[in-house]
Amino acid sequence: MEKKTIVCISCYYKGYDFMDEMNKLGNTVILITSENLKDKNWPWHAIDEIFYMPEIKPSVWNLDHLVQGFSHLMQTRKVDAVIALDDYDVEKAALIRETFRIPGMGQTTHRYFRDKLAMRQKAKDSGINVPEFTAVFNNDEVNDFADTVPAPWVLKPRSEASASGIKKLNSKEDLWDALRHLGEDRHLFLLESFKPGDVYHVDSLTFNKEIVFTSASKYLAPPMEVSHEGGVFRTKTLGKSSGEYKALKEANTKVLSSFGLMNGATHTEFIRSKEDGTYYFLETSSRVGGAHIPDLVEASSNINIWREWAKIENALLREKKYKIPKSTAYYSGLIIALIKDKEADYRQFECKEAVKFLPIEHHAGIVYKSKSAQIIQERLDKAAEKIHSEMLSILPPKSKPSS
């Protein structure tokens, strides 16, 4: 069997299972990553070559240098696919594909999965519910938005992968102060209506435009709240017979179809407004969800999203069919929190539902699995109470834990 060469791009430490699976399937794996990740526990057995890029600032590389380096790489290697392992790498991978005419998502489509302004406009044009929004390029348009859409609003980075850069604003004075503070970076943000409600994430796999796997989950504390206030991150899967799951699956299908996704893994977020019960599209990304969400999904379904994504890419390269394994129907829950100690003492959390304790420095992380949604909720509640009272760090996390 002819070996195919896969270049993985990642400015975060993630994608271990993807690269391991690609290697098992008989492919050559090349990794391009940040210099400061040299000492991470990459799947060295699966990586044939590794190249390092210096960071200009966190997660940011000099793209001209990336293209130049890739040009040298291409002189002696035939590259069959370029894979972005993190949200920050989607733009880099699209640029490489376009420049060197490598099949896969190009720069036009990638914007719908990276630029929040582009994805909102595309969703609105496709008849998908989105919170009221505006670009902040023009002063008159900003004033018109603030005069017609009631506060509060949120000012969001167009290309940030986490909730850490979002500002909640309650008045026009706050809004203009925030825009002045952004200075030359103002065009990198968008403004939208803040809609209180329950936030959900849908994690799926697509092969030849067909969504072959869907997992829908509900955050028990909105990511924005956790990011700004510290605290405990919790999420739980939804049963496939529930009204929430069915509504989210339909909404997710409409988003991915409208955005032109052909293949791969996606992580998409929605909010259900407390005011009118409508599901609004928040954002999507052509990647596997972070913060150990793949562990949550695998506990409930027995589907490892990273490995199945690798199998999809392998099938595409070899022009073969792909069939996803039959999934199980458990409920699962995930809890992660920044704690005072370097290592969490998990002895007090041991129970039959606790199927995985996550080894993340200065974090407590637990994955629960059960046939009962109620038991999952109880375990998450008790764990959150214990972590809050005995372990929680008073400082909010600097960044989300990678998966």
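## Basis

The model is predicted, so local features need pLDDT of at least 70, side-chain atom pairs count only at pLDDT 80 or more, and totals for chains, interfaces and linings use all residues. Residues are numbered from 1 along each chain as its sequence is written, and side-chain values use heavy atoms, with hydrogens and water left out.

## Overall form

The protein chain holds 12 helices and 16 strands. Helices (H or I, at least four residues) and strands (E, at least two) are DSSP runs, numbered from the N terminus. The C-alpha trace spans about 60 × 55 × 40 Å along its principal axes. A compact globule of 403 residues would have a radius of gyration near 22 Å; the protein chain has 21 Å, which agrees. That radius is taken over C-alpha atoms, and the globule rule is 2.2 Å times the number of residues to the power 0.38.

Of the 403 residues in the protein chain, 54% are buried. Buried means under 20% relative accessible area, exposed over 50%, and partly exposed in between (1.4 Å probe, protein chains only). Among contacts with a separation of 6 or more, 65% join residues 24 or more positions apart. A contact means heavy atoms within 4.5 Å.

## The 5-8-6-7 sheet

An open sheet is built from 4 strands in the order 5-8-6-7, with antiparallel pairing. Two strands pair if DSSP finds at least two bridges between them. Strand 5 (133-135) and strand 7 (167-169) are the edges, each pairing on one side only. Neighbouring strands are turned by 25° against each other on average, direction ignored.

Strand 5 pairs with strand 8 (residues 189-193) in the antiparallel sense over 3 bridges. Thr134 has Leu191 in strand 8 as its bridge partner. Helix 6 (residues 139-148) lies across strand 5, strand 6 (153-157) and strand 8. Helix 6 runs at about 165° to strand 5. Axes here are lines fitted to C-alpha atoms, for helices over the stretch in contact, and angles run from 0 to 180 degrees between N-to-C directions.

Strand 9 (residues 197-207) and strand 10 pair in the antiparallel sense over 8 bridges. The two form a hairpin with 2 residues between them. Asn208, in the turn, has a positive phi of about 50°. Further along the pairing, Asp203 has Ser215 in strand 10 as its bridge partner.

Strand 10 (residues 210-219) also pairs with strand 11 (residues 232-237), again antiparallel, over 3 bridges. Lys218 stands opposite Lys236 in strand 11. Strand 10 is mostly covered, with 7 of its 10 residues buried.

## Aromatic rings

A pair of aromatic rings is described by the distance of the centres and the angle of the planes. Rings of Phe, Tyr and Trp (its six-membered ring) pair if their centres lie within 6.5 Å; planes under 30 degrees apart count as stacked, over 60 as edge-to-face and the rest as tilted. By this rule the count is 13 aromatic pairs. One of them joins Tyr13 and Trp42: the centres are 5.0 Å apart and the planes stand at 80°, so the pair is edge-to-face. Tyr13 sits in the loop between strand 1 (5-10) and helix 1 (16-24), and Trp42 in the loop between strand 2 (28-34) and strand 3 (49-53), so the pair ties together parts that are 29 residues apart in sequence. Tyr13 is partly exposed at 23% relative accessibility, while Trp42 is buried at 1%.

Ring pairs also link Tyr112, Phe113, Phe259, Phe270 and Phe281 into a cluster. Charges meet rings too. The charged end of Lys168 sits over the ring of Phe194, 4.2 Å from its centre. The charged end of Lys195 sits over the ring of Tyr280, 4.9 Å from its centre. The criterion is NZ of Lys or CZ of Arg within 6 Å of the ring centre and within 35 degrees of the ring normal.

## Backbone exceptions

Most residues other than glycine have a negative phi, and most peptide bonds are trans. The bond from Ala151 to Pro152 is cis, with omega near 5°. Pro152 lies in the loop between helix 6 and strand 6.

Arg101 has a positive phi, near 55°. Arg101 is in the loop between helix 3 (90-100) and helix 4 (107-110), and is exposed at 63% relative accessibility. His362 has a positive phi of about 60°. This histidine is in the loop between strand 15 (354-357) and strand 16 (363-370). His362 is partly exposed, with a relative accessible area of 33%.
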